[in-house]
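Colleague: I'd like to learn how to read a model like this one. Where do we start?

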Amino acid sequence: MPIPADWPTTEAQALAEQERLRPLVQPHDDPGLPADRLIAGVDVAYDDDHDLVVAAAVLLDADTLAVVEQATAVGRIPFPYIPGLLAFREIPAVLDALAALTRTPDLVVCDGYGLAHPRRLGLASHLGVLTGLRTLGVAKTPFTFHHDQPDTPRGSSTPLTDPVTGEEVGRAVRTQPGVKPVYVSVGHRIGLDTAVRTTLHLARHYRLPETTRHADHLCRRALAVTAGTQAS
(Lines give C-alpha, C1' and ligand atoms only; values in the text may rest on other atoms or scores of the structure.)
Protein backbone atom coordinates (compact mmCIF):
# COMPACT_ATOMS: atom_id res chain seq x y z
CA MET A 1 0.00 0.00 0.00
CA PRO A 2 2.48 2.65 -1.14
CA ILE A 3 1.93 6.35 -0.43
CA PRO A 4 0.96 8.07 -3.68
CA ALA A 5 3.90 9.93 -5.18
CA ASP A 6 1.74 12.99 -5.83
CA TRP A 7 0.45 13.33 -2.25
CA PRO A 8 -1.02 16.84 -1.88
CA THR A 9 0.96 19.44 0.05
CA THR A 10 -1.31 22.48 -0.28
CA GLU A 11 -4.94 23.15 0.61
CA ALA A 12 -5.89 23.68 -3.05
CA GLN A 13 -4.33 20.37 -4.07
CA ALA A 14 -6.07 18.54 -1.21
CA LEU A 15 -9.48 19.99 -2.06
CA ALA A 16 -9.02 19.01 -5.70
CA GLU A 17 -8.06 15.48 -4.65
CA GLN A 18 -11.17 15.14 -2.50
CA GLU A 19 -13.33 16.21 -5.41
CA ARG A 20 -11.58 13.67 -7.64
CA LEU A 21 -11.98 10.76 -5.23
CA ARG A 22 -15.49 11.49 -3.98
CA PRO A 23 -17.33 9.84 -6.91
CA LEU A 24 -15.35 6.62 -6.32
CA VAL A 25 -16.86 5.97 -2.87
CA GLN A 26 -19.24 2.99 -2.77
CA PRO A 27 -21.67 3.81 0.09
CA HIS A 28 -23.42 0.45 0.10
CA ASP A 29 -22.79 -3.18 0.99
CA ASP A 30 -20.66 -5.02 -1.53
CA PRO A 31 -22.64 -8.15 -2.50
CA GLY A 32 -20.89 -11.48 -2.55
CA LEU A 33 -18.26 -10.60 0.05
CA PRO A 34 -17.49 -13.29 2.65
CA ALA A 35 -18.25 -12.61 6.30
CA ASP A 36 -15.83 -10.35 8.14
CA ARG A 37 -13.31 -12.54 9.94
CA LEU A 38 -10.60 -9.99 10.66
CA ILE A 39 -11.46 -6.40 11.56
CA ALA A 40 -8.76 -3.75 11.90
CA GLY A 41 -8.85 -0.56 13.91
CA VAL A 42 -6.60 2.35 12.98
CA ASP A 43 -5.73 5.50 14.89
CA VAL A 44 -3.00 8.15 14.99
CA ALA A 45 -1.25 10.31 17.54
CA TYR A 46 0.97 13.35 17.01
CA ASP A 47 4.22 14.71 18.40
CA ASP A 48 4.00 18.25 17.03
CA ASP A 49 7.20 19.33 18.76
CA HIS A 50 9.16 16.88 16.63
CA ASP A 51 6.88 16.97 13.56
CA LEU A 52 6.00 13.28 13.92
CA VAL A 53 2.85 11.24 13.48
CA VAL A 54 2.45 7.69 14.79
CA ALA A 55 -0.19 5.36 13.36
CA ALA A 56 -1.39 2.07 14.78
CA ALA A 57 -3.25 -0.79 13.12
CA VAL A 58 -4.71 -3.49 15.35
CA LEU A 59 -6.28 -6.62 13.87
CA LEU A 60 -9.07 -8.33 15.84
CA ASP A 61 -10.86 -11.62 15.45
CA ALA A 62 -14.40 -10.63 14.47
CA ASP A 63 -16.05 -13.20 16.73
CA THR A 64 -14.03 -13.03 19.94
CA LEU A 65 -12.65 -9.48 19.50
CA ALA A 66 -9.27 -10.82 20.59
CA VAL A 67 -6.20 -9.06 19.19
CA VAL A 68 -4.47 -11.28 16.64
CA GLU A 69 -1.89 -8.85 15.25
CA GLN A 70 -0.80 -5.25 15.55
CA ALA A 71 1.63 -2.85 13.92
CA THR A 72 2.74 0.78 14.16
CA ALA A 73 4.37 3.25 11.82
CA VAL A 74 6.12 6.57 12.42
CA GLY A 75 6.51 9.35 9.91
CA ARG A 76 6.80 13.08 9.42
CA ILE A 77 3.54 15.03 9.49
CA PRO A 78 2.90 15.38 5.74
CA PHE A 79 0.24 18.11 5.72
CA PRO A 80 -0.72 21.17 7.81
CA TYR A 81 -3.68 21.15 10.16
CA ILE A 82 -6.74 22.31 8.19
CA PRO A 83 -10.25 21.29 9.31
CA GLY A 84 -11.87 18.98 6.78
CA LEU A 85 -8.49 17.88 5.43
CA LEU A 86 -7.21 15.81 8.35
CA ALA A 87 -6.98 12.68 6.22
CA PHE A 88 -4.01 14.20 4.41
CA ARG A 89 -2.14 14.35 7.73
CA GLU A 90 -3.01 10.80 8.77
CA ILE A 91 -3.36 8.47 5.80
CA PRO A 92 0.33 8.08 4.83
CA ALA A 93 1.22 6.73 8.29
CA VAL A 94 -1.97 4.66 8.43
CA LEU A 95 -1.08 3.07 5.09
CA ASP A 96 2.35 2.14 6.46
CA ALA A 97 0.84 0.60 9.60
CA LEU A 98 -1.68 -1.44 7.58
CA ALA A 99 1.07 -2.57 5.21
CA ALA A 100 3.09 -3.84 8.19
CA LEU A 101 0.34 -6.33 9.07
CA THR A 102 0.92 -9.82 7.68
CA ARG A 103 -2.80 -10.37 7.05
CA THR A 104 -5.28 -8.21 5.16
CA PRO A 105 -8.31 -7.07 7.15
CA ASP A 106 -11.80 -7.73 5.85
CA LEU A 107 -12.91 -4.39 7.31
CA VAL A 108 -11.14 -1.33 8.72
CA VAL A 109 -12.72 0.85 11.41
CA CYS A 110 -11.38 4.41 11.47
CA ASP A 111 -11.44 6.85 14.37
CA GLY A 112 -13.16 9.57 12.35
CA TYR A 113 -15.71 10.15 9.62
CA GLY A 114 -16.46 8.77 6.19
CA LEU A 115 -19.40 10.23 4.29
CA ALA A 116 -20.22 12.50 7.24
CA HIS A 117 -17.88 15.12 5.84
CA PRO A 118 -18.57 18.42 4.03
CA ARG A 119 -17.26 16.94 0.77
CA ARG A 120 -18.36 13.36 1.61
CA LEU A 121 -14.76 12.16 1.83
CA GLY A 122 -13.63 11.87 5.41
CA LEU A 123 -10.77 9.65 6.55
CA ALA A 124 -12.69 6.36 6.32
CA SER A 125 -13.95 6.97 2.79
CA HIS A 126 -10.60 8.34 1.62
CA LEU A 127 -8.72 5.34 3.02
CA GLY A 128 -11.22 2.91 1.53
CA VAL A 129 -10.97 4.36 -1.96
CA LEU A 130 -7.16 4.39 -1.87
CA THR A 131 -6.82 0.81 -0.63
CA GLY A 132 -9.98 -0.87 -1.91
CA LEU A 133 -10.66 -2.10 1.64
CA ARG A 134 -14.10 -2.00 3.26
CA THR A 135 -14.11 0.85 5.77
CA LEU A 136 -16.36 2.64 8.19
CA GLY A 137 -15.90 5.62 10.47
CA VAL A 138 -16.76 5.92 14.16
CA ALA A 139 -16.16 9.42 15.51
CA LYS A 140 -16.23 10.56 19.13
CA THR A 141 -17.69 14.00 18.46
CA PRO A 142 -20.12 15.46 15.89
CA PHE A 143 -18.67 17.55 13.07
CA THR A 144 -20.91 20.04 11.26
CA PHE A 145 -24.08 17.99 11.02
CA HIS A 146 -27.37 17.97 12.91
CA HIS A 147 -28.72 15.16 15.05
CA ASP A 148 -31.24 14.60 17.83
CA GLN A 149 -30.17 12.72 20.91
CA PRO A 150 -30.87 8.97 20.62
CA ASP A 151 -33.04 7.28 23.24
CA THR A 152 -31.29 5.98 26.35
CA PRO A 153 -31.11 2.21 25.61
CA ARG A 154 -28.10 0.67 23.92
CA GLY A 155 -28.62 0.42 20.16
CA SER A 156 -30.78 3.55 19.89
CA SER A 157 -29.82 5.84 17.02
CA THR A 158 -30.85 9.02 15.23
CA PRO A 159 -29.92 10.32 11.78
CA LEU A 160 -26.91 12.58 11.32
CA THR A 161 -28.11 15.01 8.66
CA ASP A 162 -26.65 17.71 6.48
CA PRO A 163 -28.52 20.90 7.45
CA VAL A 164 -28.23 22.25 3.91
CA THR A 165 -29.40 19.24 1.90
CA GLY A 166 -31.25 17.20 4.54
CA GLU A 167 -29.23 14.15 3.48
CA GLU A 168 -28.56 11.44 6.07
CA VAL A 169 -24.78 11.14 6.18
CA GLY A 170 -24.46 8.96 9.28
CA ARG A 171 -26.06 8.12 12.61
CA ALA A 172 -25.61 9.04 16.24
CA VAL A 173 -25.55 5.66 17.96
CA ARG A 174 -25.91 4.87 21.66
CA THR A 175 -23.46 2.03 22.22
CA GLN A 176 -23.98 1.88 26.01
CA PRO A 177 -27.12 2.79 28.01
CA GLY A 178 -27.16 6.44 29.02
CA VAL A 179 -23.67 7.10 27.66
CA LYS A 180 -23.17 9.81 25.05
CA PRO A 181 -23.39 8.47 21.50
CA VAL A 182 -20.74 7.85 18.89
CA TYR A 183 -21.12 9.02 15.30
CA VAL A 184 -21.09 6.29 12.68
CA SER A 185 -20.74 6.87 8.96
CA VAL A 186 -20.09 4.80 5.87
CA GLY A 187 -16.55 4.64 4.64
CA HIS A 188 -16.37 2.50 1.50
CA ARG A 189 -18.04 -0.72 0.26
CA ILE A 190 -20.42 -0.86 3.24
CA GLY A 191 -23.97 0.33 3.91
CA LEU A 192 -25.01 2.49 6.85
CA ASP A 193 -27.17 -0.19 8.49
CA THR A 194 -24.26 -2.63 8.35
CA ALA A 195 -21.88 0.01 9.69
CA VAL A 196 -24.15 0.62 12.69
CA ARG A 197 -24.59 -3.11 13.41
CA THR A 198 -20.85 -3.64 13.18
CA THR A 199 -20.16 -0.74 15.54
CA LEU A 200 -22.55 -2.16 18.13
CA HIS A 201 -20.95 -5.59 17.78
CA LEU A 202 -17.52 -4.06 18.43
CA ALA A 203 -18.72 -1.90 21.35
CA ARG A 204 -20.11 -4.64 23.57
CA HIS A 205 -18.81 -3.28 26.87
CA TYR A 206 -17.59 0.27 26.28
CA ARG A 207 -18.69 3.39 24.44
CA LEU A 208 -15.99 3.04 21.78
CA PRO A 209 -15.45 -0.03 19.56
CA GLU A 210 -12.71 -2.40 20.68
CA THR A 211 -10.91 -1.66 17.42
CA THR A 212 -10.61 2.02 18.32
CA ARG A 213 -9.74 1.36 21.95
CA HIS A 214 -6.86 -0.97 21.08
CA ALA A 215 -5.53 1.21 18.26
CA ASP A 216 -5.67 4.34 20.44
CA HIS A 217 -3.74 2.67 23.26
CA LEU A 218 -1.15 1.25 20.89
CA CYS A 219 -0.40 4.47 19.01
CA ARG A 220 -0.15 6.44 22.28
CA ARG A 221 2.33 3.92 23.67
CA ALA A 222 4.33 4.03 20.45
CA LEU A 223 4.27 7.84 20.49
CA ALA A 224 5.58 7.90 24.07
CA VAL A 225 8.48 5.65 23.07
CA THR A 226 9.18 7.73 19.96
CA ALA A 227 9.04 11.01 21.89
CA GLY A 228 11.42 9.58 24.51
CA THR A 229 13.87 8.59 21.79
CA GLN A 230 13.67 12.04 20.20
CA ALA A 231 14.22 13.73 23.57
CA SER A 232 17.32 11.67 24.30
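Modeller: With strand pairing. Two strands pair if DSSP finds at least two bridges between them. This is a predicted model. Here strand E6 (residues 157-161) and strand E7 (residues 168-173) pair in the antiparallel sense over 5 bridges.

Colleague: How many residues lie between E6 and E7 in the hairpin?

Modeller: The hairpin has 6 residues between its strands. In the turn, Gly-166 has a positive phi of about 80°.

Colleague: Which strand does E7 join through 3 bridges?

Modeller: That is E8, and the two run antiparallel. Follow Arg-171 in E7. In E8, Arg-171 stands opposite Val-184. As for burial, 5 of the 6 residues of E7 are buried.

Colleague: Which residues touch the most other members of the largest nonpolar core?

Modeller: Leu-136 and Val-184, in a core of 33 residues. Elements giving two or more residues to this core include E1, E8 and helix H5 (210-231). Another core, of 31 residues, lies apart from it; Phe-88 and Ile-91 are among its members.

Colleague: What does Val-184 contact beyond its neighbours within four places in sequence?

Modeller: Its contacts include Gly-137, Arg-171, Leu-192 and Thr-199.

Colleague: Now helices. Why is H2 called largely enclosed by the rest of the structure?

Modeller: Because 11 of its 14 residues are buried. Buried means under 20% relative accessible area. The buried residues of H2 pack against elements including helix H1 (11-21), strand E4 (107-110) and helix H3 (123-131).

Colleague: What span should H2 have?

Modeller: At 1.5 Å a residue, H2 (residues 87-100) should span 20 Å. Its end C-alpha atoms are 19 Å apart, which agrees.

Notes: Residues are numbered from 1 along each chain as its sequence is written. This is a predicted model: local features need pLDDT of at least 70, side-chain atom pairs count only at pLDDT 80 or more; totals for chains, interfaces and linings use all residues. Side-chain values use heavy atoms; hydrogens and water are left out. Helices (H or I, at least four residues) and strands (E, at least two) are DSSP runs, numbered from the N terminus. The expected span of a helix is 1.5 Å times one less than its number of residues. Buried means under 20% relative accessible area, exposed over 50%, partly exposed in between (1.4 Å probe, protein chains only). Contact means heavy atoms within 4.5 Å. A nonpolar core is a set of buried Ala, Val, Leu, Ile, Met, Phe, Trp, Tyr and Cys residues joined through side-chain atoms within 4.5 Å.
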